[in-house]
Amino acid sequence: MRRVAVLMCLGGVLPAFGWGPEGHNLVARLAAARLTPAAAARVAEILGPGVTLASISSWPDQVRRERTETAPWHYIDIPIDKPHLDMARDCPKGACVVTKIEDFEKVVADPTATPVARKEALMFIVHFVGDMHQPLHSSDNKDKGGNDVKLDFFGKPSNLHSVWDSGFLGRMGTEDEMFARLNPDLTRGRMKKWGKGTVESWAGQIHKVAVKQTYGQLPKAAPGEQIHIDAKYEQMADALIKTELEKAGARLAFVLNSTLK
Ligand code: ADE
Ligand code: ZN
Ligand code: ZN
């Protein structure tokens, strides 16, 4: 534990796991506000009294170390030099975020599955629909989704993946302030538009955004220097993160409303 704390103090040394708790809470809170009465009742039944979607939204990150087989379930490495997602290439043995969301949708909807299996399936879905909307969880440049790209984040050493997981969000205000900014924006029209397609097509869309913006607009490093995140890139990231969290919230509601009838 001490060693872990020391490593964490060094900054960005441990691999990053997904949106930080704040991002996952926001996605869960957006979705919870948009569940049908039937889906909300089923969610309450599955989770048990007093347990909210937000309270379990980071559970898969807490078990990731003990349940090592779950580590690749949090992302899909779609290469940025390829135009499209190819499930055979990018989701080996079905161990990626897209296939796992689809697998767990079946478990949560299966009345013969055990209560524990259904609860875990629901907790994985809530987390993974959020994760896949972090652009670096649906793209890769042979750098573990940016984990290997060291950079300077406003004077602190970090890496590209970590700043997209939680660095930018951490500078955008408190969770409640963010929620207030996201909440009124989720109109019915956008809900309808974003709900269209499949989990696979959503990953394809996020990959395109990552190619164009997350990787494509990354400031270049001067020779022998580290990349410095600048204000222009941060503005782009903040706007994109806001939209991706809204999409994730809308799509999570869509998934739960259609699987928990
Ligand atoms: N490890 C390898 N690829 C990754 C990604 N895209 N996101 C998080 N961890 C990873
Ligand atoms: Zn995760
Ligand atoms: Zn991550």
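User: Hi! Which helices do the buried residues of helix 7 pack against?

Analyst: They pack against helix 3 (37–47), helix 6 (87–90), helix 8 (115–132), helix 12 (199–215) and helix 13 (231–259). Contact here means heavy atoms within 4.5 Å. This is a predicted model, where local features need pLDDT of at least 70, side-chain atom pairs count only at pLDDT 80 or more, and totals for chains, interfaces and linings use all residues. Residues are numbered from 1 along each chain as its sequence is written, and side-chain values use heavy atoms, with hydrogens and water left out.

User: How do you know that the span of helix 7 agrees with 1.5 Å a residue?

Analyst: Helices are DSSP runs (H or I, at least four residues), numbered from the N terminus. The expected span is 1.5 Å times one less than the number of residues. For the twelve residues 97–108 that gives 16 Å, and the end C-alpha atoms are 16 Å apart, so the two agree.

User: What makes R67 and E120 a salt bridge?

Analyst: The rule asks for a side-chain nitrogen of Lys or Arg within 4 Å of a carboxyl oxygen of Asp or Glu. The closest N and O atoms of R67 and E120 are 3.0 Å apart, so the pair qualifies. It links distant parts of the chain: R67 sits in the loop between helix 5 (59–63) and helix 6, while E120 is in helix 8, 53 residues apart.

User: Why does R67 count as partly exposed?

Analyst: Buried means under 20% relative accessible area and exposed over 50%, with partly exposed in between (1.4 Å probe, protein chains only). R67 is at 24%, so partly exposed it is.

User: And why does E45 count as exposed?

Analyst: Its relative accessibility is 57%, so E45 passes the cut-off for exposed.

Terms used:
Chains are lettered from A and ligands numbered from 1 in the order in which they are written. Helices (H or I, at least four residues) and strands (E, at least two) are DSSP runs, numbered from the N terminus.
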